[in-house]
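This report looks at salt bridges and strand pairing in one protein model. The sequence and structure come first, and the description follows.

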Amino acid sequence: MQDRTYTDLKALIQALAGVASFTTEEDTNIVNFVNRRASQAYNMSPSWSRYVVSSEGRDVNAYTLSGATASTSTTVNQNYKFLGSNDGSVGTANTNVYQGVTTSTVIIYKDSNNAWLVDTAASATIQSDGRYAVVAGTTEFTEADTLKKDVLENVTTWTPRSGSDSLLVEAKNLIPYAQSGKDTIGEFTRIHRKQAFYNNSALEYDFFVDADGANILNIVGQSDGKAFVTYKKQLPLFTADSTDIPGEFFHYLAHASYADFLRMDGQHGKALTEEQIAESYIAIQLEQIDIRNNNNSINQKFSTYVNRQSR
């Protein structure tokens, strides 16, 4: 995949316009036109090679906690991911351990009396058997129910360390757009329980997307702390200094942005001609995607006798 510079793109647009340079205002408009058209091209297909990521492991956030104030610790207010089972060195063996996503030193686990605790300044380290050893910290909230609950969302009463904070626990099966060390997700395509596309048996999750990320609807259990996401990387915002203009979009962006420039100047007839040229360039790129997808595609939801014959 070839990258081109914005300088190259602008030079082509200037050549199409037959001018040696643009005014400062026109330069600003051209950058805006390019980003508008790049977004349009990006949304034309879920399978642009430079943006698609196939079956990448992502953490599933199991809970969102809120309601903590300075009387306890506001770091409690965050999303939590499932780590694994407690090894029993601190707390109840083989019960779930959760870790804060934003502040990783907030740990949720069951104590030796089977009560849920929310500890700050705590930690949990994986052991050779795959379970986690918890190091207790400052307990901010303690489950006060007489009959201890198996899952956090069923706890009726939480006792705060001090003050009168009322802890709210919301069950989630959320994959956020951003995760440390990974690309930001621009568009969710498919989500599987296990590594997908090696065979036909990986369970595919249903999900809906909101402002926080993808919410899994049919997750197998709370012990599933990871899912495998096929997605498009977030489209970058291009500037006059950009050196990563997609080569596959280059001529489309030039002619489409020039068409926008002509419309701004009231030259609608010429703009229509440039629009048609732009569409022919992007159509060639989309056709190449279709040719690849005829054989096999990460976006092909169902495997059939017909499409298996081309493998």
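## Glu170 and Lys172

The model is predicted. In it, Glu170 counts as partly exposed, because its relative accessibility is 40%. Glu170 forms a salt bridge with Lys172, the closest N and O atoms being 3.9 Å apart. Lys172 has a relative accessible area of 14% and is therefore buried.

Elsewhere, salt bridges that share partners join Arg36, Arg37, Asp260, Arg263 and Glu275 into one network. The whole structure holds 19 salt bridges.

## The sheet E2-E16-E13

An open sheet is formed by 3 strands in the order E2-E16-E13, with antiparallel pairing. Strand E2 (52-59) and strand E13 (185-192) each have a single partner strand, so one side of each is left without a neighbour in the sheet. On average, neighbouring strands of this sheet are turned by 40 degrees against each other, direction ignored.

Between E2 and strand E16 (residues 226-233) there are 6 bridges. Asp59 stands opposite Lys226 in E16.

## Salt bridges of Asp59

Asp59 counts as buried, because its relative accessibility is 15%. A salt bridge joins the side chains of Asp59 and Lys226 (3.5 Å, N to O). This pair links strand E2 with strand E16, the two residues being 167 residues apart in the chain. Lys226 is at 38% relative accessibility and so counts as partly exposed.

Asp59 also forms a salt bridge with Lys81, with 3.3 Å between the closest N and O atoms. Lys81 lies in strand E4, 22 residues from Asp59 in strand E2.

## Partners of strand E4

Strand E4 (residues 78-85) runs antiparallel to strand E3 (residues 61-66), joined by 4 bridges. Thr64 has Asn79 in E4 as its bridge partner.

E4 also pairs in the antiparallel sense with strand E5 (residues 96-100), over 5 bridges. Here the bridge partner of Tyr80 is Gly100 in E5.

Definitions and conventions
Residues numbered from 1 in each chain as written. Predicted model: local features only at pLDDT ≥ 70, side-chain atom pairs only at ≥ 80, totals over all residues. Heavy atoms only, no water. Pairing = 2+ DSSP bridges. Axes fitted to C-alpha atoms, helices over the stretch in contact; angles between N-to-C directions. Salt bridge = Lys/Arg side-chain N within 4 Å of Asp/Glu carboxyl O. Buried < 20%, exposed > 50% of the residue type's maximum accessible area, 1.4 Å probe, protein only.
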